[in-house]
Amino acid sequence: MAQVTVTLDANLAIDAMMLSGTKNPQDAVELVLRDYLARGRRTETRTGDAADGQRLTTDRPTAQEG
């Protein structure tokens, strides 16, 4: 598996560790990202694909003048 290195604010990493109950920042970030992706998938399942957003907009025809 490929790895990515990122730089984070120390306070942000510590807060994530405390909320997630992990012992190191890498585990906290991985857990948070997995949760974020799972939530996104659940939302898409309930509401439809992101591309479906076009069908939700109400494109009303313009009033004809004349």
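**Salt bridges, exposure and contacts**

Mentor: D35 and R39 both belong to helix α2, and 4 residues, about one turn of the helix, separate them. Helices here are DSSP runs (H or I, at least four residues), numbered from the N terminus. This is a predicted model, in which local features need pLDDT of at least 70 and side-chain atom pairs count only at pLDDT 80 or more, while totals for chains, interfaces and linings use all residues. Residues are numbered from 1 along each chain as its sequence is written, and side-chain values use heavy atoms, with hydrogens and water left out.

Trainee: What makes the meeting of the D35 and R39 side chains a salt bridge?

Mentor: The term requires a side-chain nitrogen of Lys or Arg within 4 Å of a carboxyl oxygen of Asp or Glu. The N to O distance for D35 and R39 is 3.1 Å, so the pair qualifies as a salt bridge. In general, side chains of opposite charge can pair when their charged atoms come close.

Trainee: How many salt bridges are counted by this rule?

Mentor: The count comes to 2. E30 and R34 also form one, at 2.9 Å from N to O. Both residues lie in helix α2 (residues 25-47), 4 residues apart.

Trainee: Why is R34 called exposed, whereas E30 is called partly exposed?

Mentor: Exposed means over 50% relative accessible area, buried means under 20%, and partly exposed lies in between (1.4 Å probe, protein chains only). R34 has 51%, and is therefore exposed. E30 has 36%, and is therefore partly exposed. D35, also with 36%, is likewise partly exposed.

Trainee: Which residues is M17 in contact with, leaving aside its neighbours within four places in sequence?

Mentor: Contact means heavy atoms within 4.5 Å. On that basis M17 touches T22, K23, N24, P25 and A28.

Trainee: What makes the link between the side chains of T22 and S20 a polar contact?

Mentor: A polar contact is a pair of N or O atoms within 3.5 Å; within protein, one must be able to donate a hydrogen and the other to accept it, and residues adjacent in sequence count only if both atoms are side-chain atoms. The T22 and S20 side chains are joined at 3.0 Å, so the distance meets that limit. T22 itself is placed in the loop between α1 and α2.

Key:
Helices (H or I, at least four residues) and strands (E, at least two) are DSSP runs, numbered from the N terminus.
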